[in-house]
Amino acid sequence: MHFNLRTLAALAIAAASLTQSRREFHASGKTSRRWLPGSDKIRGVNLASQFIIEPWMAGDEWNSMGCGDSRDEWSCVQRLGQEDADAVFQRHWQTWITPDDLREIQSYGLNTVRIPVGFWINEDLVNAGEYYPRGGLKYLDYIVGNCTELGLYVIMDLHGGPGSQFPGQQYTGHVVDSPGFYTEENYERANKFLEWMTERVHTDPAYFNVGMLQVVNEPVHAGDYPSEAADMISSYYPSAWTRIRDREAQLGVADGDKLHIQYMAEAWGSGNPSQDLPGTTFASYDDHRYYKWDSSVPATRDGYISAACSDNRGGTDVIIGEWSISVADDAQYNAEFDIRDTDANNDWYKQFFAAQVKAFERSGGWVFWSWKCNWIAGFNEWRWCYKSAVDAGVIPKDAAAAVGNSPC
Ligand SMILES: *[C@@H]1O[C@H](CO)[C@@H](O)[C@H](O)[C@H]1NC(C)=O
């Protein structure tokens, strides 16, 4: 698509009509393109496994790429060799999330996508001796450009940080025993990523709809890594804020056009994210709410529904950026929860989805994990996959209608 001023004006109008700008900008007569929901909530999906493939949720894809039993992108690149790996990843980037997916997302009444990316999408930040696929940036540009064209709001999420920010996790791109993110050198690489992305957002028209930049996804918990978590809160978090805002100031970005800067919410367990921030205007907090892994929630039908119905995740500056309708590992194949070869439980999942939507729309809104996956545990596991859950009739074709199905 060819961008010109008219297109941008039309997009601005489309974006503004989707939303209610922040009150102070209404009051001052300005309209912010960095919209956040007022009466319209964030309703979105993660584009997971696009730029950081998690083999657990993309089994066929991983096999077709020749990654075999590699546990992460790093080891697949090592296994295939850089050039062969770049070629198979390129095919993946072209085919996993396509413009058709984005159109389908929009047609389901969703207004947002969260895009998990690794820092390595900026290849200048990769050190010698690190193994990450190369060439993804072009495909990120395409996806973001298509989102802008469709009026989908984009949360850009630094999902895989330099050195890996959490041990033992595929989402970091490199599964490590000990998290290497919490050093001056890696904070600096992450801050360079944020500055670079900030500049892209404000200077490349394709990035017009990127309204939020998340500084790091799912860092370590304070209970497991107290000094790393505390250091991140007092050092990386405020520096990320300052580096983004300074770059915006250099670019002459108007107040209403500044990015929302997103941190994991306090509920994540790394500490209070805003403790040492130099400001909180356009700050946002990301809450990942998986009842599946909350051992205080009884793994029964009523247990899940009542937990969701009584949940309160915070104010409109909190977005539930990851959640699913999966249930506890040791209950998920029980008769009342199984979804293999039966649709007898679909009505319950429909209620579980709706109960969560209702709770999360009391906050700023929600982003389901994930849009698309394939063959988790050898079957069509739609408890993690929005697209196939819509096909199964569990998620309504109009996301805004879900709340009406709530049993609460
Ligand atoms: C949308 O994506 C396609 C590739 O999938 C690309 O060719 C096209 O340029 C993109 N559109 C925009 C506006 O970026």
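**Local features of the predicted model**

Phe282 is found in the loop between strand E5 (260–264) and strand E6 (283–288). In this predicted model, Phe282 has a positive phi of about 65°, although Phe282 is not a glycine. The residue has a relative accessibility of 2% and therefore counts as buried, the limit for that class being under 20%. A positive phi is also found at Ser164, where the angle is near 70° and the residue is again other than glycine. Ser164 is placed in the loop between strand E3 (153–160) and H8. Because its relative accessibility is 0%, Ser164 counts as buried.

A further backbone feature concerns the peptide bond from Trp369 to Ser370, which is cis, with omega near 5°. Ser370 belongs to the loop between E8 and H12.

Helix H11 itself comprises residues 346–360. From the first C-alpha to the last, the 15 residues of H11 reach 21 Å, close to the 21 Å expected at 1.5 Å a residue. The helix is mostly covered, with eleven of its 15 residues buried. Among these buried residues are the aromatic side chains of Trp348, Tyr349, Phe352, Phe353 and Phe360. The buried set also includes Ala354, Ala355, Val357 and Ala359, as well as Asn346 and Gln356.

The packing of two other helices was examined next. Two packed helices are described by the angle between their axes and the distance between the axes. For helix H6 (residues 99–107) and helix H7 (residues 137–150), the axes come within 10 Å and cross at roughly 35°. The crossing of H6 and H7 is right-handed. On the H6 side, the contact is made by Pro99, Leu102, Arg103 and Gln106. The residues contributed by H7 are Ile143, Asn146, Cys147 and Leu150.

Arg200 is found in helix H8 (residues 184–203). With a relative accessible area of 19%, Arg200 is buried, since the class requires a value under 20%. The side chains of Arg200 and Asp141 are joined by a polar contact of 3.0 Å. When residues up to four places away in sequence are not counted, Arg200 touches Leu137, Asp141 and Tyr207.

Glu130 lies in the loop between strand E2 (112–118) and H7. Its relative accessible area is 15%, so Glu130 is buried. Two polar contacts can be described for the side chain of Glu130. One of them reaches the backbone nitrogen of Asn127 at 2.9 Å. The other joins the side chains of Glu130 and Arg189, at 2.9 Å. Arg189 is also one of the residues that Glu130 touches, along with Trp74, Phe119 and Leu125, when residues up to four places away in sequence are left out of the count.

Definitions and conventions: Residues are numbered from 1 along each chain as its sequence is written. This is a predicted model: local features need pLDDT of at least 70, side-chain atom pairs count only at pLDDT 80 or more; totals for chains, interfaces and linings use all residues. Side-chain values use heavy atoms; hydrogens and water are left out. Helices (H or I, at least four residues) and strands (E, at least two) are DSSP runs, numbered from the N terminus. Buried means under 20% relative accessible area, exposed over 50%, partly exposed in between (1.4 Å probe, protein chains only). A polar contact is a pair of N or O atoms within 3.5 Å; within protein, one must be able to donate a hydrogen and the other to accept it, and residues adjacent in sequence count only if both atoms are side-chain atoms. Contact means heavy atoms within 4.5 Å. Axes are lines fitted to C-alpha atoms, for helices over the stretch in contact, and angles run from 0 to 180 degrees between N-to-C directions. A crossing is left-handed if the near helix is turned anticlockwise from the far one by less than a right angle, and right-handed if clockwise. The expected span of a helix is 1.5 Å times one less than its number of residues.
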